[in-house]
Amino acid sequence: MSNILIKNVRIPSLSKRRLESCDLLFVQGEKNEKGKILEISKRITDNASRIIDGEGDFILPAFIDLSADIHHPDNPERETVMGGSLSAFSGGYSDLLVKSKGDEGIEDSYSYCKLHICSDKNDKNVPYVYAKGLNIRELRDFMKESAENGSVIFLSPEPDPLYHNSCVTEGRTSSLLGLPCEPVLAEIRRIFDCLTLADERDARIHISGISCAGSVELIRRAKADGIKVTASTSPVYFSLKDDDIFFIGANAKVYPPLRGESDRLAVIEGIKDGTIDCIDSGHTPRTQKEKGRSIIEAQYGAIGLQSCFSAVVTYLLLPGHIDIFRLCELLYLAPARILGLKASENLDKDCRAFNLASISTEFIFSKSYLKGKSTNSPFINMSLCGNIRETFIL
């Protein structure tokens, strides 16, 4: 193992809410050996084998994602576990909670990038589990079991069969394009049901995919009433609008569908005031065939592991909606607390993963930037700011 020195980098202290300009000296682990941080101070003089100029950049905690769809592919065209792990690593993530059922060996597959993977095995004894495709009666019973064993139930709005294959929110854009649509009420009703059952059963729930003003307000009131709920949204809901589907096409077909401008601003307000606790990637890889059809035939989903940080910087940090400390809370501290993981508010010698990140670098998010097989990103060919220069998992 050899020493690595990052010079003149800025490190946010979440507890003190201030930035400190420091040098960082550490050893990165190799094979079965663990690395460690050796020193954090100003003007470190060390004959390190590698010296990185961090002038103007930040050391940020490696991110934790609560909503990634990664699994062993059932055909060679689908995204591989290796591709997904490379995308996560490139996007600055050290921990993922994946939606799909865990297959044997999935944890070993992630060891290539030293990622920590938690997968849903629908086991009521695990501390977190996804509830999907359940009717009200089934969900009510499930919440009772989870409340008894202390599990966190992960929920999200699900497509309503009454609005089959909806592409956009009901409104002007759906009328102009003549596309199948869904009223925003479908999401609000699902959120209301989840919150009502959680209140009745005293269950702890996390709701992802928050996309509209009505859902934000329901969660805001639920928290004020003491319901045990946390919430997350994905970058598409604070950066894009329903009429963007004109220009983006099938890659903008996600679920819940993209909303109008008032909903986008309400999601941003929810992020600012803490109603929305964190931001997840919403990573849902699709094949070219699944997305290369017409918008109506295309499947829901967009990849997001590599674009999440850049979208947060571009649409939240640089416009002044949040600061660098809130960014760390949204992508690291809050997800860790929701999962019950140990999380430090300050970089210290016990830290096992961090990012060297730039927030000022502007670049074109092109397909060549992507590490995995899937390219179904709505941000393709857009100009974004902020990138992960390198991720270190010790």
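Helices (H or I, at least four residues) and strands (E, at least two) are, in this talk, DSSP runs numbered from the N terminus. With that convention in place, I turn to helix H1. Just after H1, Gly92 takes a positive phi of about 95 degrees.

Good morning. The structure before you is a predicted model, in which local features need pLDDT of at least 70, side-chain atom pairs count only at pLDDT 80 or more, and totals for chains, interfaces and linings use all residues. Residues are numbered from 1 along each chain as its sequence is written, and side-chain values use heavy atoms, with hydrogens and water left out.

Let us stay with H1 for a moment. Helix H1 covers residues 81-90 and is mostly covered, with seven of its 10 residues buried. Here, buried means under 20% relative accessible area, exposed means over 50%, and partly exposed lies in between, with a 1.4 Å probe and protein chains only. The buried residues of H1 are Val81, Gly83, Gly84, Ser85, Ser87, Ala88 and Ser90.

How many of the 10 residues of helix H11 are buried? Nine of them are, so H11 (residues 308-317) is largely enclosed by the rest of the structure. Among these buried residues are Cys308, Phe309, Val312 and Leu317.

Phe309 leads us to the nonpolar cores. A nonpolar core is a set of buried Ala, Val, Leu, Ile, Met, Phe, Trp, Tyr and Cys residues joined through side-chain atoms within 4.5 Å. The largest such core has 71 residues, and those with the most contacts inside it are Leu195, Ile205 and Phe309. Helix H12 (residues 324-339) gives this core its largest share, 12 residues. Apart from it lies another core, of 19 residues, among them Val168, Ala252, Leu258 and Phe379. In soluble globular proteins, nonpolar side chains tend to be buried together.

Contact means heavy atoms within 4.5 Å. Leaving aside neighbours within four places in sequence, Phe309 is in contact with residues including Leu60, Phe63, Leu327, Leu331 and Ile388.

Pro319 is partly exposed, with a relative accessible area of 45%. Not counting residues up to four places away in sequence, Pro319 touches Val313 and Thr314.

My next topic is helix packing. Two packed helices are described by the angle between their axes and the distance between the axes. Axes are lines fitted to C-alpha atoms, for helices over the stretch in contact, and angles run from 0 to 180 degrees between N-to-C directions.

Helix H5 (residues 185-201) and helix H6 (residues 213-224) pack at an angle of about 15 degrees, with their axes 9 Å apart. That makes H5 roughly parallel to H6. Angles under 35 degrees count as roughly parallel, over 145 as roughly antiparallel, 65 to 115 as roughly perpendicular and the rest as oblique. On the H5 side the contact includes Ile188, Ile191 and Leu195, and on the H6 side it includes Leu218, Ile219 and Ala222. By class, this contact of H5 with H6 has seven nonpolar, two polar and one charged residues. For these classes, Ala, Val, Leu, Ile, Met, Phe, Trp, Tyr, Cys and Pro count as nonpolar, Asp, Glu, Lys and Arg as charged, and the others, Gly among them, as polar.

H5 also packs with helix H3 (residues 136-149): the axes come within 9 Å and cross at roughly 40 degrees. That makes H3 oblique to H5. Among the residues making the contact are Leu139, Arg140 and Lys144 of H3, together with Arg190, Asp193 and Leu197 of H5. The contact of H3 with H5 has seven nonpolar, no polar and seven charged residues.

I close with backbone geometry. Most residues other than glycine have a negative phi, and most peptide bonds are trans. Asn8, in strand S1, has a phi near 55 degrees, a positive value in a residue other than glycine. Asn381 likewise has a positive phi, near 70 degrees, and Asn381 is exposed, with a relative accessible area of 57%. Finally, the peptide bond from Tyr255 to Pro256 is cis, with omega near -5 degrees. Pro256 is found in the loop between helix H8 (245-248) and helix H9 (261-273).

Thank you for your attention.
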